[in-house]
Amino acid sequence: MDSKKIRKGIGRFFGWLGLNFSSLIIKFIPERWIYGFAKNIAGLGFIIARKQRKIALESLTIAFGAEKSKAKVEQIAKDCFIFMAKAGLELLFFMDKPALLKKHVEFVGRKNLDNALSKGKGVILVSAHFGNFPLMLVKLSLEDYKTATIMRYMRDVRAEKFFMAKRTQVGIKTIYSQPRRACVEAVIKTLRNNELVFIPLDQNFGTGGVFVDFFGKKAATATGPVVLALRTQATILPCFIVRQKDDTHKIIFEEPLNLEKARTYQETIITNIQKLTSIIESYIRRYPAEWGWIHRRWKSRPNLGKGGV
């Protein structure tokens, strides 16, 4: 057997054990202990997870190398690991305590959301793997907003079943990104029912999207939100969940995106995807530790010799 596959299998097995261990522990510890426990896990993870640490430092250097010192970049990476540990543990903790979660997470700019829904065409919530975004989906569902999210299948089948059950438990509908046709049909149906569809727009999209500026470097980006909005007249509403100093959260609903029409359909797509990407970048710049730096956002490169954007 391929040694790489063996290593991945071992990694997923220990990840699965860690998930189950955390799920068990979180049932017995008080809320005030969660965040201290998370810091300990994060400190250990930063040492052990060498590959993820390397990716985070590389990504931060691409984004901030000319602006921040090496020491500052490393501190943001450490803070990012702490953030991820906090987010995972509190999600496990609050999903079984809906009344407590409701008090822990606050809406800002809710009128923007309600006004968008009042148009009856559905709402595309555009965000990123930023903040504790799964907690945002839970809060929306608990506040009686019919909410769906587009997800990739997780590589670990056991973890996928675990989180699928959790999402179903709190009323979040899952739309898988593959197969593509089924995904598009499910999203359009959801929007036509005047529901919310959450789409994170911050991950490398290979050759299937468009290249737009992200921290001054071209990044392959999905076009789904703009394509779907043009097709359905749904409102695109940028939204972000931001952790507060006391570990409560605020979900911020921005003003709806005013779709700008360009000379051609393709230019219209690129123009508006750039606008959304710039909004996402602005939040990451303000709260750098709350974004998933362990993802290789700039992995795909435009082929300028063949008409790359």
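Predicted model: local features only at pLDDT ≥ 70, side-chain atom pairs only at ≥ 80, totals over all residues.

User: Where is H249 found?

Analyst: H249 is in strand 9, which covers residues 249-253.

User: And is H249 buried or exposed?

Analyst: Buried, because its relative accessibility is 2%, and the cut-off for buried is under 20%.

User: What is H249 in contact with, leaving aside neighbours within four places in sequence?

Analyst: E90 again, plus H104, V105, E106, N132, L135, I241, V242, R243 and Q244.

User: OK, helices now. How do the axes of helix 4 and helix 7 cross?

Analyst: The axes of helix 4 (residues 70-94) and helix 7 (residues 133-142) cross at roughly 25° and come within 9 Å. So helix 4 counts as roughly parallel to helix 7, as angles under 35 degrees do. The crossing is left-handed.

User: Which residues make that contact?

Analyst: From helix 4, E90, L91 and F94; from helix 7, P134, L135 and V138. E90 and L135 are also among the contacts of H249.

User: Switching topic: in what sense do strand 6 and strand 7 pair?

Analyst: Antiparallel, over 5 bridges, with strand 6 at residues 210-214 and strand 7 at residues 217-221. D213 stands opposite K218 of strand 7.

User: How many residues are between them in the hairpin?

Analyst: There are 2 residues between strand 6 and strand 7, and F215 in the turn has a positive phi of about 55°.

Methods: Residues numbered from 1 in each chain as written. Heavy atoms only, no water. Pairing = 2+ DSSP bridges. Helix = DSSP H or I, 4+ residues; strand = E, 2+ residues; numbered from the N terminus. Buried < 20%, exposed > 50% of the residue type's maximum accessible area, 1.4 Å probe, protein only. Contact = heavy atoms within 4.5 Å. Axes fitted to C-alpha atoms, helices over the stretch in contact; angles between N-to-C directions. Parallel < 35°, antiparallel > 145°, perpendicular 65-115°, else oblique. Left-handed = near helix turned anticlockwise from the far one by under 90°.
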